[in-house]
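I opened my notebook to get to know a new structure. Come along and look with me.

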Amino acid sequence: MMEHATTLSIAQPTTLLPLTFLLPLVGTLILAFSRGQLSYRASATVGTASIGLAALTTAALALGFAAAGPQQLTLWTWIAVGDFTPGISLALDGLSLTMLGVITGVGFFIHLFAAWYMRGEDGITRFYTYMNLFVFSMVLLVLGDNLLLLFLGWEGVGLCSYLLIGYYYTHSANGWAGFKAFVITRIGDVFLALGMFLLFTRLGTLNIAEILELAPQAWQAGDTTVELAAFLLLGGAMGKSAQLPLHTWLADAMAGPTPVSALIHAATMVTAGVYLIARMHGIFELAPTALYVTGVIGALTLLMAGFAALAQTDIKRVLAYSTMSQIGYMFLALGVGAYDTAIFHLMTHAFFKALLFLSAGAVIISCHHEQDMRRLGGLWRKLPLPYAGFMVGGAALAALPLISAGFYSKDEILWQALAADQQGLLIAGLVGALLTSLYTLRLIIGTFHGTAKSDNARHAETGRGLAHGLPLVVLAGLSTFVGAWITPPLAEVLPAGPGDATHVGHSSLELLAAATALGGMALGVWLFGLRRGWLRLANRGPGAGLWHLWHHAWGFDLVFDWTLVRPYRLTVWLLKSDLFDGLFRLLARLVRLLHLGLSRTQSGRVRGYAITMVAGVALILLSLALVIQGT
Amino acid sequence: MILVWLIVIPFVGGLLCWQAERLGGRATRLIALATMLCELLIAFGLWLQLDFALPASGGTQWAVEYRVPWIERFGIDFHLALDGLSLILIALTGFLGVLAVLCSWREIVRRIGFFHLNLLWILGGVVGVFLAMDLFLFFFFWELMLVPMYFLIALWGHSGSKGSTRIGAAIKFFIYTQASGLLMLVAILGLVFAHHGNTGEYSFSYAVLKETTLSPTLAFWLMLGFFVAFAVKLPVIPLHGWLPNAHAQAPTAGSVDLAGILLKTAAYGMLRFALPLFPEASQAFAPFAMALGLVGIFYGAVLACGQQDIKRFVAYTSIAHMGFVLIGIYAGTELALQGVVVLMVAHAFSAAGLFILSGQLYERLHTRQINEMGGLWGRLGSMPGIYLFLIAASLGMPTTANFVGEFMVLFGTFAIAPWVVALASVGLVLAAVYSLMLMQRVHYGPPQSDTPLKGLDTREFCMLLGLVALILWVGLYPQPLLDTSSAAMQDIHRLFDAQSSPLPEAR
């Protein structure tokens with residue numbers, strides 16, 4: 001009844017709200033039930049249009065949001081048993097609106113670009129089915145007003161990620177990469193699930209707003225239970241957002257088509273962990289230890305991934321490690337309590353990383369599926385648009401002062417770390433900025449400058465058409481300072497960060513950050529541009545060791561292989577013949593043995609029977625005698 | 001009287017099928033189909049007509065009852081009764097019966113009449129189990145459903161790899177279930193004699209025996225008798241040995257019934273008899289039962305990974321899923337018990353679907369060996385998409401019924417035993433491992449040949465689409481199901497609650 005009343009008072013925006021996920025769902029269903037009857041063009045149109053309309057819906061919601069404010073809409077009660085009443089209910093506030101904008105807006109341009117990228121591929125219908133299903137799940141993830149619905153979206157995006165990584169299914173390695181991604185993120189999901197169980201058991205509700213309201217009444221800051229709950233949520237976030245030590249899946253996830261990497265493994269899904277922590281900030285505010293650990297994990301990840309990105313040759317893997325590193329920055333921001341800054345960086349990162357991935361996709365298709373820097377080079381003249389995309393996106397990634405979007409968000413993160421008095425995190429952030437400049441320069445120079453190192457690169461074909469050009473141009477625009485003008489409406493949702501009140505020393509930090517970025521770029525130009533022999537550097541002496549270590553991203557895969565995969569395989573092998581069942585088979589064998597033994601006595605010889613009988617009688621008499629004597 | 005019809009219809013239908021073989025296979029199949037549809041419609045009609053939401057206050061807990069004296073000397077009645085739980089399971093029996101008839105449409109070509117006789121008699125026996133409220137009658141039906149199953153495996157089964165024959169599997173199935181049935185008979189008689197000792201009257205009535213006062217030791221042993229009997233059927237590790245063979249060697253219809261309904265009779269037995277008859281003893285036993293559930297989850301998951309036969313694979317995943325059921329039953333909170341109901345239904349759908357698909361794969365490839373598959377995605381039309389959906393259901397993806405069931409069990413158990421839930425949740429990761437491993441090895445990878453195989457025909461497609469729709473429906477709106485079983489589950493929960501308050505752990 002109450003929901004009904006709200007529906008009437010602000011009828012227009014609330015009725016629009018379900019469209020944001022219904023449109024992608026309709027797209028999914030049309031594509032899934034077409035049973036291969038749709039042409040390439042029709043599939044791409046349905047797939048792209050559904051997201052485009054969802055983006056328009058989001059725009060309308062954003063316009064209405066200023067006037068109407070947050071909204072809540074319950075579609076139906078999912079499950080109702082006693083206190084357990086999670087609903088299929090949506091909540092729109094500044095945070096979910098920001099996420100919605102990123103998902104549908106950036107998502108639309110990526111879908112559009114995919115229409116160019118996927119030309120001539122088999123199973124385009126399948127591709128757009130999964131992509132639309134992904135957007136559907138992601139929208140539910142950010143709109144769910146309770147943790148169970150959030151979890152629905154959370155698992156849904158994981159499934160779509162798995163399916164799209166393994167999109168080229170005829171190569172087993174792609175399928176196993178998807179498998180790895182799903183299983184590792186599922187480990188995180190289990191932590192999130194346990195967090196839900198704990199919160200529900202203690203607070204009696206799964207509604208996020210109610211949890212945030214009840215938590216401060218139920219627990220004091222630093223209480224063990226709330227710390228545990230926060231750690232469990234953090235575990236879930238780490239899995240999805242590829243943070244140490246659950247990060248190993250992201251680099252392998254690059255096996256999927258490049259638009260997938262742009263949408264799922266850069267702009268949206270991998271930032272779900274950041275969204276989760278920002279959404280549950282009330283729990284983290286009560287759990288200082290967990291919050292601190294969040295920041296530390298972010299710092300470690302951004303350094304680890306920064307070094308790893310320096311030693312990759314595949315352009316998509318460079319971008320994958322760079323994504324990990326940038327999400328590390330977001331976690332760092334969360335860890336110092338600057339939730340709004342983390343979301344701001346999430347947004348700008350979505351713009352410039354999507355741009356970088358799409359530009360990379362353009363390069364890959366133009367160069368006939370060549371994506372190894374060792375066989376690229378000298379492309380800047382032939383591929384001006386992707387080159388421009390890389391320049392603008394790279395500038396934003398490396399936080400080029402003043403003109404790039406990345407500068408504003410990253411500078412803000414460093415400032416918040418300083419204001420929170422976390423020097424350790426600040427230094428990690430600055431070192432990370434240096435690394436970012438270095439690997440960005442290496443990526444751009446290795447791909448576009450120098451000489452073409454293979455026939456594929458020499459015969460690069462320039463991409464054409466609206467689907468190719470428009471996404472790159474729009475995202476490039478958003479990756480400059482223009483994107484930084486967009487201020488997410490977060491003030492009502494998230495608490496102020498530590499650096500929001502004062503600005504003493506902000507400008508000197510800005511100078512330091514700018515100097516780091518520029519210094520890194522200069523170093524990069526010198527190392528990779530002027531001294532050309534950057535690959536040889538990695539071939540000799542300690543350089544080779546470091547290269548090896550960083551190329552394999554510090555060897556985490558090996559560690560997991562020996563500690564988890566191999567023991568599990570061994571267990572499977574040991575139990576293969578069903579140990580417990582073996583016990584019963586043993587029993588059966590014993591009975592059979594007895595049967596054989598006793599059937600021997602049935603020899604048919606009278607003499608044998610007579611002896612047995614006499615012996616039996618003697619035995620009975622003897623025992624009787626003993627018993628009688630005993631009494 | 002309607003309850004008697006529910007039991008009689010499958011038996012009569014079976015006899016008709018047997019005789020109708022003279023008219024040809026098609027007539028037999030149509031009669032069997034009509035019988036099961038009739039059963040399903042009656043169950044549905046009862047669901048619309050009766051009110052299960054009202055908790056039984058003072059009066060009887062049954063929505064419908066039928067009772068005539070049978071062997072008065074020993075206090076044995078022909079007593080049938082129906083509540084929400086029984087109705088859900090009977091409707092499930094009817095539905096899976098329809099599927100079982102449909103999926104053997106092409107598969108069974110020999111002795112069609114006798115096959116359907118056995119199939120329908122199994123289902124009749126199962127319905128009897130779900131309705132009997134007299135322990136003697138319950139035992140009667142419990143044994144009755146085994147014999148036709150034996151014939152189903154022995155006569156129409158497939159021989160497996162490594163010399164495991166269908167006869168061997170059938171015998172193993174029969175010995176396991178007979179031995180456990182014997183144990184249950186002893187426990188039933190023990191209970192009846194204990195009641196006789198107290199009051200001087202013989203009675204096999206559920207309602208009467210429920211009130212029997214027992215010494216804790218005796219109650220424990222009798223409870224154990226019931227538990228072991230049901231544990232064999234569920235199955236609980238280490239009593240599961242019959243299941244992989246029986247599942248793998250049975251014809252598709254047999255596997256569907258085994259996984260879909262026969263396993264559920266065990267969970268039903270625990271909910272209906274083991275817990276209400278011996279609440280204190282069950283409460284004391286709960287930690288062990290939950291531990292056994294955990295063992296099942298892990299053991300089933302690990303063994304599923306090592307299987308080469310797709311049907312054995314599904315069999316072991318059933319063991320893992322039933323681990324969740326066992327944990328939920330013995331957690332005893334209303335949420336967990338309701339979760340058990342949903343999970344039973346969900347597992348019946350998803351396991352039945354996977355067995356049907358395995359059968360269809362076998363019809364096309366003439367093998368069930370996983371290493372002879374691979375790369376099938378592009379060759380089978382829309383079948384892999386449905387396979388993917390059922391795999392997602394079996395690994396507990398939200399929007400599927402399995403998710404709702406598993407998570408309700410876990411949510412409900414967490415308040416009682418957080419560590420059990422923490423460990424069981426690891427099972428969710430293992431579920432992802434074995435499910436996606438199967439997907440990978442069967443459907444992905446390089447195709448072994450480029451020739452397309454026959455896609456799904458209308459009959460197959462409709463069966464599977466129906467399952468998919470039901471899984472989604474229960475996954476997104478399980479409330480009709482929950483409302484139906486709510487009163488029955490609250491009853492059981494109250495029994496448990498009365499015991500659990502003094503326990504320090506419960507807080």
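Below are my entries, one topic at a time.

**Entry 1: the kind of model**
I noted at the start that this is a predicted model.

**Entry 2: where the chains meet**
I began with the two chains and asked how many residues of chain B are in contact with chain A. I found 41 residues of chain B in contact with 40 residues of chain A. I then looked up which elements of chain B give two or more residues to the side that touches chain A. They are α12 (279-305), α14 (334-365), α16 (401-414), α17 (418-443) and α19 (479-500) of chain B. Of these, α17(B) gives the most, with 10 residues. I also sorted this side of chain B by class, and got 30 nonpolar, 10 polar and one charged residues.

**Entry 3: two helices of chain B**
I stayed in chain B and turned to a pair of packed helices. As a reminder to myself, two packed helices are described by the angle between their axes and the distance between the axes. For helix α13 (residues 310-331) of chain B and α16(B), the angle is about 40° and the axes are 9 Å apart. That angle makes α13(B) oblique to α16(B). The crossing of α13(B) past α16(B) is left-handed. Which residues meet here? I wrote down F324(B), I327(B), G328(B) and A331(B) from α13(B), and E406(B), V409(B), G412(B) and T413(B) from α16(B). By class, I listed four nonpolar, three polar and one charged residues in this contact.

**Entry 4: one face of a helix in chain A**
Next I moved to helix α9 of chain A, residues 208-218, and looked for its buried residues. They are I208(A), I211(A) and A215(A). Looking down the axis of α9(A), I saw that these residues fall within an arc of 40°, so they line one face of the helix.

**Entry 5: a glycine in chain A**
Last, I picked G524(A), which sits in helix α24 (residues 506-530) of chain A. Is G524(A) buried or exposed? G524(A) is buried, because 23 other C-beta atoms lie within 10 Å, and the cut-off for buried is 20 or more. Leaving aside neighbours within four places in sequence, I found G524(A) in contact with S437(A), L438(A), L441(A) and R442(A). G524(A) and L441(A) are 83 residues apart along the chain, yet their C-alpha atoms are separated by 5.5 Å.

Key. Residues numbered from 1 in each chain as written. Chains lettered and ligands numbered in written order. Predicted model: local features only at pLDDT ≥ 70, side-chain atom pairs only at ≥ 80, totals over all residues. Contact = placed C-beta atoms within 7 Å. Helix = DSSP H or I, 4+ residues; strand = E, 2+ residues; numbered from the N terminus. Nonpolar A, V, L, I, M, F, W, Y, C, P; charged D, E, K, R; others polar. Buried ≥ 20, exposed ≤ 12 C-beta atoms within 10 Å, placed from the backbone. Arc of directions from axis to C-beta. Axes fitted to C-alpha atoms, helices over the stretch in contact; angles between N-to-C directions. Parallel < 35°, antiparallel > 145°, perpendicular 65-115°, else oblique. Left-handed = near helix turned anticlockwise from the far one by under 90°.
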